[in-house]
Amino acid sequence: MAEQTQFEELARQLSAFGAVKRDLARILPHECPAGSAAVLTLLGRHGSMRMSKLAELLAVDMSVTSRHVAHVCERGWIERSPDPADKRSRILHLTPAGEATLQDLSRRSTELLTERLSDWSDTEIDQLIGLMTRLRDSFGDCRTTAAPHPRPAVATAPAPGIAKAATTAAVASAARAPTPVLEAPVLEPTTRTPA
């Protein structure tokens with residue numbers, strides 16, 4: 001099991017991760033703030049959905065979600081169509097312009113990661129992806145009110161220290177890794193999975 005001091009250091013490192021999120025937010029175009037980018041990212045990842053589902057995934061209330069949706073609708077990046085199952089509800093869809101914007105956002109984030117991690121090796125990028133995925137899995141879906149995640153009885157040893165060197169392909173694969181929606185989301189390509 002990891003020492004208490006290791007968890008304290010991990011907490012410090014996670015707090016400092018805000019610098020990464022801020023850099024990712026700085027590359028967003030002026031007309032596409034973080035909330036709009038998060039809407040596009042989620043529609044790109046999960047496909048068409050109701051506003052209530054989007055609010056749940058964003059982990060914000062409906063009024064905030066409505067403002068984000070209005071912003072992206074005004075720019076023609078998404079459209080709202082009647083829900084065949086409930087005419088009072090609307091289904092949100094990415095438009096071709098929205099898909100193009102999402103591709104641009106993904107390209108920007110990939111370029112930033114390529115630049116910042118240019119001295120990392122393919123193995124280090126793969127380790128980072130694997131460990132970040134495992135960390136997210138350990139916390140479950142923080143957007144829903146679920147019971148606390150049970151702690152495993154035995155923890156595995158931490159990954160070896162990080163050396164340096166890299167390729168653009170490995171960094172691009174890091175940009176495609178699934179990520180939580182954050183204040184400044186790490187943007188993903190538009191690969192869709194069923195909602």
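**Ground rules.** The model is predicted, so I keep in mind that local features need pLDDT of at least 70 and side-chain atom pairs count only at pLDDT 80 or more, while totals for chains, interfaces and linings use all residues. Residues are numbered from 1 along each chain as its sequence is written, and side-chain values use heavy atoms, with hydrogens and water left out.

**Sheet.** I looked up the strand order and got E1-E3-E2, an open, antiparallel sheet of three strands. Strands here are DSSP E runs of at least two residues, and helices are H or I runs of at least four, numbered from the N terminus; strands pair if DSSP finds at least two bridges between them. E1 (49-50) and E2 (78-83) are the edges with a single partner strand each, so one side of each has no neighbour in the sheet. E1 is joined to E3 (residues 86-94) by two bridges, and I noted Leu-92 as the bridge partner of Met-49.

**Helix pair.** Next I checked H3 (residues 34-46) against H5 (residues 62-74): their axes come within 9 Å and cross at roughly 80 degrees. That makes the two roughly perpendicular (65 to 115 degrees; under 35 is roughly parallel, over 145 roughly antiparallel, the rest oblique). Axes are lines fitted to C-alpha atoms, for helices over the stretch in contact, with angles from 0 to 180 degrees between N-to-C directions. Contact (heavy atoms within 4.5 Å) involves Val-39 and Leu-40 of H3 and His-68 of H5, among others.

**Loop.** Thr-95 sits between E3 and helix H6 (96-116). The side chain of Thr-95 reaches the backbone oxygen of Gly-76 at 2.5 Å.

Technical notes. A polar contact is a pair of N or O atoms within 3.5 Å; within protein, one must be able to donate a hydrogen and the other to accept it, and residues adjacent in sequence count only if both atoms are side-chain atoms.
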